Amino acid sequence: MNPKPAAYDKEVLYAFRALFEGKANDGQQKRAMQWLLFNACHVGLLSFSATERESAFNEGERHIGLQIARMREPEALKLIEGKSRAEKMAAKKPEAGRKASE
């Protein structure tokens, strides 16, 4: 297993610091997200490694990156809007087995 953190440079470091402070410009935001997805989470690379344990660890990192990347897709908003509607409808339904007059 590779416990070393992903390599970064001053540009990435300053981009994340600005992001944490809520002061990152467009370029810094993009740089931080690119580093996160491609360096820390290894999106775009295979998870397979020499041992099953290393492969599982790599896949865990990649899974986080894929979840973050999916949020930029148009379908992501539709999924949460659909859940909100379904939750509202479920809240309006009377309990099963209960009479409406009770």
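Here's a quick briefing on the fold, salt bridges, pocket and a few individual residues of this chain. The model is a predicted one. The protein chain has four helices and zero strands, and it reads α-α-α-α along the sequence. Three salt bridges turn up in a search of the whole structure, and Asp 9, Glu 11 and Arg 31 are linked in a network of them.

**Overall make-up**

- Of the 102 residues in the protein chain, 16% are buried.
- The accessible surface of the protein chain is about 8,700 Å², and carbon and sulfur atoms own 58% of that.
- Take the contacts between residues at least 6 apart in sequence: 31% of them join residues at least 24 apart.

- Arg 31 pairs with Asp 9 through a side-chain salt bridge, at 3.9 Å from N to O. Arg 31 sits in helix H2 and Asp 9 in the segment before helix H1 (10–21), so this pair ties together parts that are 22 residues apart in sequence.
- If you're wondering about a cut-off, a salt bridge here needs the nitrogen within 4 Å of the carboxyl oxygen, and the Arg 31 and Asp 9 pair comes in at 3.9 Å.
- Arg 31 also meets Glu 11 in a salt bridge, with an N to O distance of 3.5 Å. This pair links distant parts of the chain too, with Arg 31 in helix H2 and Glu 11 in helix H1, 20 residues apart.
- How exposed is Arg 31? It counts as partly exposed, because its relative accessibility is 22% and the buried class is for values under 20%.
- Asp 9 counts as partly exposed as well, at 37% relative accessibility.

- Glu 59 is partly exposed, with 31% relative accessibility, and Arg 62 is partly exposed at 22%.

**Pocket and nonpolar patch**

- The second largest pocket has a volume of about 160 Å³. Helices H3 and H4 are the elements that give two or more residues to its lining.
- Which residues line the second largest pocket? They are Gln 67, Arg 70, Met 71, Ala 76, Leu 79 and Ile 80.
- H4 gives the most to that lining, with three residues.
- On the surface, Leu 77, Leu 79 and Ile 80 form a nonpolar patch, with about 310 Å² of accessible area together. Ile 80 belongs to helix H4, which covers residues 74–92.

**The loop between H2 and H3**

- His 42 has a phi near 60°, a positive value in a residue other than glycine.
- Where is His 42? It is found in the loop between helix H2 (26–40) and helix H3 (52–70).
- His 42 is partly exposed, with a relative accessible area of 28%.

- Ser 55 lies in helix H3. Is Ser 55 buried or exposed? At 15% relative accessibility it counts as buried, because the buried class is for values under 20%.
- Setting aside neighbours within four places in sequence, Ser 55 is in contact with Ser 47, Phe 48 and Ser 49.
- Phe 57 is in helix H3 too, and at 36% relative accessibility it counts as partly exposed.
- Ser 47 comes up again with Phe 57: their C-alpha atoms are separated by 8.2 Å, and the two residues are 10 apart along the chain.

Methods: Residues are numbered from 1 along each chain as its sequence is written. This is a predicted model: local features need pLDDT of at least 70, side-chain atom pairs count only at pLDDT 80 or more; totals for chains, interfaces and linings use all residues. Side-chain values use heavy atoms; hydrogens and water are left out. Buried means under 20% relative accessible area, exposed over 50%, partly exposed in between (1.4 Å probe, protein chains only). Contact means heavy atoms within 4.5 Å. Accessible areas come from the Shrake-Rupley method with a 1.4 Å probe; for residues, only the protein chains shown count as cover. Patches are made of residues with over 30% relative accessible area and no salt bridge: like charges are joined within 9 Å, nonpolar side chains (Val, Leu, Ile, Met, Phe, Trp, Tyr) within 5 Å. On a 1 Å grid over the protein atoms alone, a cavity is a set of points where a 1.4 Å probe fits but cannot get out, and a pocket is an open set with protein on both sides within 12 Å along at least five of seven lines; lining residues have an atom within 4 Å of a point. Grid points are joined across faces, edges and corners, and a volume is the space filled by probe spheres set on the points.
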